[in-house]
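Try each task before reading its solution.

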Amino acid sequence: MEMKDLAATVVRRYRTTQDMVADGLRQGILSGVFKSGQPLRQEQIAEDFGVSKSPVREALRQLAGEGLVTFSPHRGAVVSEISYEEAREITEIRISLESLALRLAVPNITEKDLEQVEEVFRLAGSEEDISRYANLCWQFHEILCGFAGRPRLQNMIESLHATYDLYVRVSSREVMRNKARSQRQHREILDACRSKDADAAVKALEDNIWSAFDEIIAHMERSEDPGEDGAHKAG
């Protein structure tokens with residue numbers, strides 16, 4: 001699939017030209033059509049979509065806000081780069097921070113608190129859109145960690161999520177393919193919190209985060225195979 005093919009699939013569906021271009025580029029990045037670090041030339045994009053450069057610039061800024069595009073002083077807009085080493089490091093730090101927060105949170109969690117988290121869990125179970133599903137999964141973790149009552153720790157977790165979210169988005173196909181496993185692990189976390197079993201809650205949390213890492217690596221391995229969906233090497 002090439003840029004022109006992406007443009008043809010989205011050109012009739014969107015409210016504004018910016019939305020149309022942004023979604024076409026987003027699909028290309030998430031599906032592996034555009035490889036990590038690849039320049040995104042405004043002139044070529046404008047030509048392929050049959051639009052002016054102004055909505056293309058705005059679309060690229062929008063994708064930069066989502067973490068999918070990075071602006072380089074010398075190369076302009078490029079697809080954000082991902083790597084195995086960074087993914088593993090972020091995963092390890094995330095486990096350390098969230099495990100600490102959850103262990104501190106478990107004694108504080110009330111049944112009313114759990115009802116709030118259960119609602120997020122329920123919404124995630126019925127969500128089929130990867131972006132909304134990813135946001136709900138993040139809310140699940142964010143709310144539970146917040147019960148620790150450690151604002152500095154919470155800020156560190158939230159800051160890390162901004163980088164980690166890019167990896168979730170680019171591995172969206174694997175994330176949705178393993179949604180049932182993730183939901184099962186989230187249920188185990190909830191049940192352990194309800195039982196006030198901090199050890200079991202932390203164990204289920206660690207399993208859940210490592211599973212997400214496995215999904216990221218599966219995406220990278222799939223993207224390294226040019227025979228599958230025309231994808232390119234991820235990093």
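A crossing of two helices is called right-handed if the near helix is turned clockwise from the far one by less than a right angle, and left-handed if it is turned anticlockwise. Keep in mind that this is a predicted model.

**Exercise 1.** Describe how helix α3 and helix α4 cross.

*Solution.* Start by finding α3 at residues 42–49 and α4 at residues 53–65. Next, take their axes: they come within 9 Å and cross at roughly 115°. Angles of 65 to 115 degrees count as roughly perpendicular, and α3 and α4 are therefore roughly perpendicular to each other. Finally, the hand of this crossing is right-handed.

**Exercise 2.** Find which residues of α3 meet which residues of α4.

*Solution.* On the α3 side, look for Q42, E43, I45 and A46; on the α4 side, they meet K53, V56, R57 and L60. Now sort the residues of this contact by class: 4 are nonpolar, 1 is polar and 3 are charged.

**Exercise 3.** Explore the largest pocket and say what lines it.

*Solution.* The pocket holds about 290 Å³ of space. It has 12 lining residues, and R26, L30, I130, S131 and S172 are the closest to its centre. Helices α2, α7 and α9 each supply at least two residues of the lining. By class, the lining divides into 2 nonpolar, 3 polar and 7 charged residues.

**Exercise 4.** Work out which helix gives the largest share of the lining of the largest cavity.

*Solution.* The cavity has about 280 Å³ of space and 21 lining residues. Contributors of at least two residues each include α7, α8, α10 and α11. The largest share, 6 residues, comes from α11.

Methods: Residues numbered from 1 in each chain as written. Predicted model: local features only at pLDDT ≥ 70, side-chain atom pairs only at ≥ 80, totals over all residues. Heavy atoms only, no water. Axes fitted to C-alpha atoms, helices over the stretch in contact; angles between N-to-C directions. Helix = DSSP H or I, 4+ residues; strand = E, 2+ residues; numbered from the N terminus. Parallel < 35°, antiparallel > 145°, perpendicular 65-115°, else oblique. Contact = heavy atoms within 4.5 Å. Nonpolar A, V, L, I, M, F, W, Y, C, P; charged D, E, K, R; others polar. 1 Å grid on protein atoms, 1.4 Å probe; cavity = no way out; pocket = protein on both sides within 12 Å on 5 of 7 lines; lining within 4 Å. Points joined across faces, edges and corners; volume = space filled by probe spheres on them.
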